[in-house]
Amino acid sequence: MSSRELIVLGSASQVPTRHRNHNAYFLRWDEEGILFDPGEGTQRQMTLAGLSATQVTRICVTHFHGDHALGLPGIIQRLSLDRAKHPVEVYYPASGQAFFERLRHATIFMDAATIIPRPISEDGVLAETKGFKLSAAKLEHAVDTYGFRLEEHARVQLHPGRLAEAGVSGPLTGELLRRGSVEVGGRTVRVEEVGESRAGQAFAFVMDTRPCAGATRLARGVDLLVCESTYLDTERKEAHDHFHMTALQAAELAREARARRLVLTHFSQRYEDTAPFVDEAKPLVADVVAARDLDRVEVPKRSRPT
């Protein structure tokens with residue numbers, strides 16, 4: 001069975017606290033394991049979460065502020081130590097190439113892993129597999145910053161009732177999906193008669209930004225939106241001045257984009273309690289989660305046709 005969930009490895013902004021590690025988020029998406037913004041302490045948090053470095057298949061770095069990237073050397077070195085057999089692609093702003101190189105070779109180690117740099121210089125598709133498309137869009141922060149979107153390819157979903165009416169069952173169902181049509185009882189049944197194309201699940205990661213067009217494009221129609229909410233809305237001016245968002249602004253983004261589930265995170269150290277963040281967002285978005293370290297948040301499933 002497929003498994004799609006977000007594992008929160010850290011939820012602090014800039015400064016870790018006794019209860020919040022620096023940023024880091026692991027998205028389990030079927031056979032892929034995508035690590036977002038590994039801050040300090042990510043290796044240890046992965047251990048506490050029951051994750052191994054070899055489960056990481058891609059790494060996405062929004063920008064090169066320390067709380068989003070200082071865990072990268074440890075992860076890369078751990079991939080070598082654990083002899084990861086697969087290549088790991090690392091996506092990051094192209095303007096930060098010098099910082100990537102320094103982090104990539106921060107200390108002496110036996111460099112055995114295959115690390116493939118993928119610098120980002122413009123909005124667009126970063127990678128495409130048989131199952132999904134990974135893309136990036138520029139955000140509005142004090143330094144070059146990109147958010148990410150993972151989108152499952154659209155697929156045909158068959159309606160059991162229509163299949164039964166058309167007399168299609170058993171091996172003919174698989175043949176219909178492969179070929180697009182089958183012969184049943186002397187007539188041709190086409191896939192569009194008994195099914196429909198449906199958008200796949202989608203996930204967006206919007207971190208360290210003011211509200212902007214790029215954030216809206218990334219979040220549009222996603223099932224799970226992970227969004228920074230560094231401040232409460234009483235500090236909206238401070239949020240703007242520091243290129244961040246409030247919980248209310250994150251909720252406004254989620255509502256405008258019609259995201260199904262909103263995960264608030266990247267909390268300022270001044271806030272011990274995150275319940276007010278949920279309270280602020282709830283009037284706009286029904287399904288809101290305030291991230292806690294080591295939380296597991298499922299990517300909401302989509303209903304199947306009947």
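At 15% relative accessibility, E5 counts as buried, where buried means under 20% relative accessible area, exposed over 50%, and partly exposed in between (1.4 Å probe, protein chains only). E5 forms a salt bridge with R296, the closest N and O atoms being 2.9 Å apart; a salt bridge is a side-chain nitrogen of Lys or Arg within 4 Å of a carboxyl oxygen of Asp or Glu. The model is predicted: local features need pLDDT of at least 70, side-chain atom pairs count only at pLDDT 80 or more, and totals for chains, interfaces and linings use all residues. Residues are numbered from 1 along each chain as its sequence is written, and side-chain values use heavy atoms, with hydrogens and water left out.

**Salt bridges**

- The structure holds 21 salt bridges. Side chains of opposite charge can pair when their charged atoms come close.
- Helices (H or I, at least four residues) and strands (E, at least two) are DSSP runs, numbered from the N terminus. R296 is partly exposed, at 43% relative accessibility.
- R4 forms a salt bridge with D30, and their closest N and O atoms are 2.8 Å apart. This pair also links distant parts of the chain: R4 lies in β1 (residues 4-10) and D30 in the loop between β2 (24-29) and β3 (32-36), 26 residues apart. R4 is buried, with a relative accessible area of 13%, whereas D30 is partly exposed at 27%.
- E89 pairs with R118 in a salt bridge whose closest N and O atoms are 3.1 Å apart. E89 belongs to strand β5 (residues 88-93) and R118 to strand β6 (residues 115-120), 29 residues apart. E89 is buried at 16% relative accessible area, and R118 is partly exposed at 35%. Salt bridges that share partners join E32, R58, E89 and R118 into one network.

- Strand β2 is mostly covered, with six of its six residues buried. From β2, A24, F26 and R28 point one way and Y25, L27 and W29 the other way. In a regular strand the side chains alternate between the two faces of the sheet.
- β1 and β2 pair in the antiparallel sense over six bridges, where two strands pair if DSSP finds at least two bridges between them. I7 stands opposite F26 in β2.
- β2 and β3 run antiparallel and are joined by five bridges; R28 stands opposite G33 in β3.
- The hairpin of β2 and β3 has two residues between the strands, and D30 takes a positive phi near 55° there. D30 is also the salt-bridge partner of R4.

**The seven-stranded sheet**

- An open sheet of seven strands has the order β7-β8-β9-β14-β15-β16-β17, with mixed pairing. β7 (124-128) and β17 (288-290) stand at the edges, each with a single partner strand, so one side of each is left without a neighbour in the sheet.
- The twist averages 15° from one strand to the next; axes are lines fitted to C-alpha atoms, for helices over the stretch in contact, and angles run from 0 to 180 degrees between N-to-C directions.
- Four bridges join β7 to the antiparallel strand β8 (residues 132-138), and the bridge partner of A127 in β8 is L134.
- Five of the five residues of β14 (residues 202-206) are buried. A202, A204 and V206 point one way from β14, and F203 and F205 point the other way.
- β14 is joined to β9 (residues 146-152) by four bridges in the antiparallel sense, and to β15 (residues 224-228) by four bridges in the parallel sense. A204 of β14 stands opposite R149, and in β15 the bridge partner of A204 is L225.

**Helix α3**

- The buried residues of helix α3 (residues 72-81) are L72, P73, I75, I76, L79 and S80. R83, whose phi is positive, near 55°, follows α3.

**Second largest pocket**

- The second largest pocket has a volume of about 300 Å³. On a 1 Å grid over the protein atoms alone, a cavity is a set of points where a 1.4 Å probe fits but cannot get out, and a pocket is an open set with protein on both sides within 12 Å along at least five of seven lines. Grid points are joined across faces, edges and corners, and a volume is the space filled by probe spheres set on the points.
- This pocket is lined by 18 residues, of which S13, Q14, T230, Y231 and H244 lie nearest its centre; lining residues have an atom within 4 Å of a point.
- By class, the lining has three nonpolar, eleven polar and four charged residues. Ala, Val, Leu, Ile, Met, Phe, Trp, Tyr, Cys and Pro count as nonpolar, Asp, Glu, Lys and Arg as charged, and the others, Gly among them, as polar.
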